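Colleague: Could you walk me through how to read burial, aromatic pairs and strand pairing in a model? I would like the general idea and then the case at hand.

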Amino acid sequence: MANRTCDLAGQVNPAHAFDLDALLSYASFYVEGFPISPSKFSIFQFGHGQSNPTFLLEVSSGSSVKRYVLRKKPSGKLLESAHAVEREFQVLQALGIHTQVPVPKVFCLCTDSSVIGTPFYIMEYLDGRIFIDPRLPGLAPNRRRAIYSAAATTLASVHSADVDAIGLGKFGRRDNYCKRQVERWAKQYIASTGEGKSERNTKMLELIDWLRQHIPLEDSLGATSGLVHGDFRIDNLVFHPTEDRVIGILDWELSTLGNQMCDVAYCCMPFIVDVGTDGVQQQGGFEVTGRPEGIPSLAEHLAEYCSAAKKPWPLAQWKFYVAFSLFRGASIYAGVHSRWIMGNASGGERAQAAGIKANLLIETAWSFVRRKSVLPEHPPSGQLQQLENESECQDQLDERGRFVPSKKVLELRKRLIKFLEDCIYPMENEFYKLAQSTARWTIHPEEENLKELAKREGLWNLFIPFDSAARARKLLDGTNKFSIDKTCVNFLGAGLSNLEYGYLCEIMGRSAWAPQVFNCGAPDTGNMEVLLRYGNKEQLQEWLIPLLEGEIRSGFAMTEPQVASSDATNIECSIKRDGDSYIINGRKWWTSGAMDPRCKLLIVMGKTDFTAPRHKQQSMILVDIQTPGIRIERPLTVFGYDDAPHGHAEISFENVRVPAKNILLGEGRGFEIAQGRLGPGRLHHCMRLIGAAERGMQIMAQRALNRTTFGKLIAEHGSFLSDFAKCRIELEKSRLLVLEAAYQLDRLGNKKAAGILAMAKVSAPNTALKVLDMAIQVHGGAGVSSDTILAHQWAIARTLRIADGPDEVHIGTIAKLELRRAKL
């Protein structure tokens, strides 16, 4: 029979007790919805299979009872690299936010050991069923099969996660996983056994040697690599209370990147060996003792996983993977038994029996290694064709394209579209009226109202990549009593990849006013990204947080009137060290955002050493726009538009004294920062241009369907139909190019994606210009007037052929990369 989740919790082991008042204070501050002054606060400890002590928190407030789960490191001396609750939190957060893999929602991570003695995290309590016994006693045969089927498909879902897209690309090394794991667990076994610890088994040392000699070639190539759970088995799954489906995967302590077949073999252990509470003396698993009715054979179970995960039949290397899983399990049990001897194991009587289980697994491993055949040559009858058919279908899906948004992104996109339709489009005329009036350098009060609404709707700072947000959280950790400031957590975006943000940024591009309403407008996004990636803790606290909150705006001062600034090495603005300050002298123009009354920060690029190597002369420094010596010379216009209240300024710097602490990264790092800024930030322009072109298509279609010339609708003229269709073709091509650039930016980084980024930056503005030009033509005189958005959008698109880097520079980059590829 299954155990309900709550039934596995009992009294807290006195050795694991901690300060409940400190925990309550922490949780009420950092866990959203946690009662601040509960009428009752109870804590229980889970006793099943927990190497990291795990507790059930029950919080009563009146008649309402809320449950949470706390998982912490054990106290006392621990084995190196073990019990990393920080990594557990990281993987659970990434999977919970970006995938459909069933995991409990995590609320907070505390790395401050002064709170309850060791680091911990708090997560969602899942009310469901846990099957301790893999034989599933008490279930009907059809439900046993359903449980095993759900386990196989759930493991496949874990292994199908795109680690690069969800921010886990650096969660571990992908190659030589088994080689490294053999050494790690061998080292851990040695550390856990010997005098005063669990007894050392010489056959384990022989097994280690056998494994070292039989590591699969595919492992060194990383061909089977991806996200690995590390301890995937049925009793680490929470099933729905009544339905035979998994609602949560637990115990991610051993998760990493590596050879996923190790996970597969480990989840098949019940077929190989019985190490249950009632069977510690019994070597045989289902293959020896017989399968309870309804449970599939090992081959059937394995084939179902391979079908769901699109993996080949693992005939050649199965013996190694099973032996490795038994070896690793033996090392884990030896560690548990050693901790029990030392008095800091959390499994109670189960931990006491762990030494016997370790030796049982060692014997079973040698028995399995000596077997002549361990798997049928092919999957069970009927399964092979299913595998081939599904693989072919997957290939066809891949050929159609990888750009299918996730459910999360589709929901955000739907909400953005509704927000624009309900709140922004109706206000566009009002915004333009103010921008053309004598009060144009002031902020329309409705804009601030819309920004507050966007925050409440969860549509704020969507541009922030998850890796940048993670760096900010890490740097800001410890800025108050417990962890990072609550406001910082709320304002660090939705944890999207560049590709995911691409779908949303396009929607914002449909209106010139939309990006700033969502705090996703240039140059603030690029400047915030610079701070997120390169700023230190103090700089983040002073400048990033108010930018994230939308309290201030910023400008980027690089382009200079007297030199060709498309080559950043030409800039002449000087930044000279003078004691604990820098003195800035120079002139900048096209400093977008500097006219905005909310602008408080300028990121200025200049030269700190005119004699250094060409790309080491430049530095970037943070400058308060109110610093004496800064003068706004004039607002600049773009085809007659001054883009008030945002504006583009020409600025002079005369002996502007700035604290030395404001330098970013250090002297000579400016070019490096600029190149890092140009990838994601400038790709945002491409994304928005696709949105502008899409809206141009919509406006043009409505005009053509409602306007009559020469006795028929414009939409009925052959010339219009031909050009309209060509616009759609070009727009779809550019959209796919931009999405591919975002995809490669996520997977390969800015440098390796340089070619596709350059292509997108050439294609997007030229396509937008073509579409908008035709839309203007269809509208006639109205198209060039300010009665529609078309003329302004055209001016923006035309400017970005220069501001986003001249086409000629991008084309040169593309050509050079192609020639380099040809030489190879």
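Modeller: Happy to. Let us start with burial: a residue counts as buried when its relative accessible area is under 20%. Keep in mind that this is a predicted model.

Colleague: Is Phe34 buried or exposed?

Modeller: Phe34 has 4% relative accessibility, so Phe34 counts as buried. Phe41 comes out at 19%, and therefore counts as buried too.

Colleague: Now the aromatic pairs. How many does a search of the whole structure find?

Modeller: The search finds 20 aromatic pairs. One of them joins Phe34 and Phe41: the ring centres are 6.3 Å apart and the planes meet at 85°, so this pair is edge-to-face. In general, two aromatic rings are described by the distance of the centres and the angle of the planes.

Colleague: And which geometry do Phe324 and Phe327 show?

Modeller: That aromatic pair is tilted, with 6.0 Å from centre to centre and 50° between the planes. Both Phe324 and Phe327 are buried.

Colleague: Why are Phe324 and Phe327 separated by about one helical turn?

Modeller: Start from the general idea: an α-helix has 3.6 residues a turn, so residues three or four places apart point the same way. Here, Phe324 and Phe327 lie three residues apart in helix α11 (residues 318-342), and therefore about one helical turn separates them.

Colleague: What about a charge over a ring?

Modeller: There are two cases to look at. The charged end of Lys455 sits over the ring of Trp460, 4.9 Å from its centre. Likewise, the charged end of Arg695 sits over the ring of Tyr425, at 4.0 Å from the ring centre.

Colleague: Let us turn to helix α1. Which residues of α1 are buried?

Modeller: Helix α1 covers residues 20-30, and its buried residues include Leu23, Leu24, Tyr26 and Tyr30. The buried residues of α1 pack against β3 (40-46), β4 (54-61), β5 (64-72), β6 (106-110) and β7 (120-124). Tyr26 and Tyr30 also belong to one aromatic cluster with Phe29 and Phe120.

Colleague: What caps the N-terminal end of α1?

Modeller: Asp19 does, through a side-chain oxygen that lies 3.0 Å from the backbone nitrogen of Asp21.

Colleague: Last topic, strands. In which sense do β16 and β17 pair?

Modeller: Strand β16 (residues 599-607) pairs with β17 in the antiparallel sense, over seven bridges. Within this pairing, Ile603 stands opposite Leu622 in β17. Six of the seven residues of β17 (residues 618-624) are buried, so this strand is largely enclosed by the rest of the structure.

Definitions and conventions
Residues numbered from 1 in each chain as written. Predicted model: local features only at pLDDT ≥ 70, side-chain atom pairs only at ≥ 80, totals over all residues. Heavy atoms only, no water. Phe/Tyr/Trp six-rings, centres within 6.5 Å; stacked < 30°, edge-to-face > 60°. Buried < 20%, exposed > 50% of the residue type's maximum accessible area, 1.4 Å probe, protein only. Helix = DSSP H or I, 4+ residues; strand = E, 2+ residues; numbered from the N terminus. Lys NZ or Arg CZ within 6 Å of the ring centre and 35° of its normal. Pairing = 2+ DSSP bridges. Contact = heavy atoms within 4.5 Å. Polar contact = N/O pair within 3.5 Å; in protein donor to acceptor, adjacent residues only side chain to side chain.
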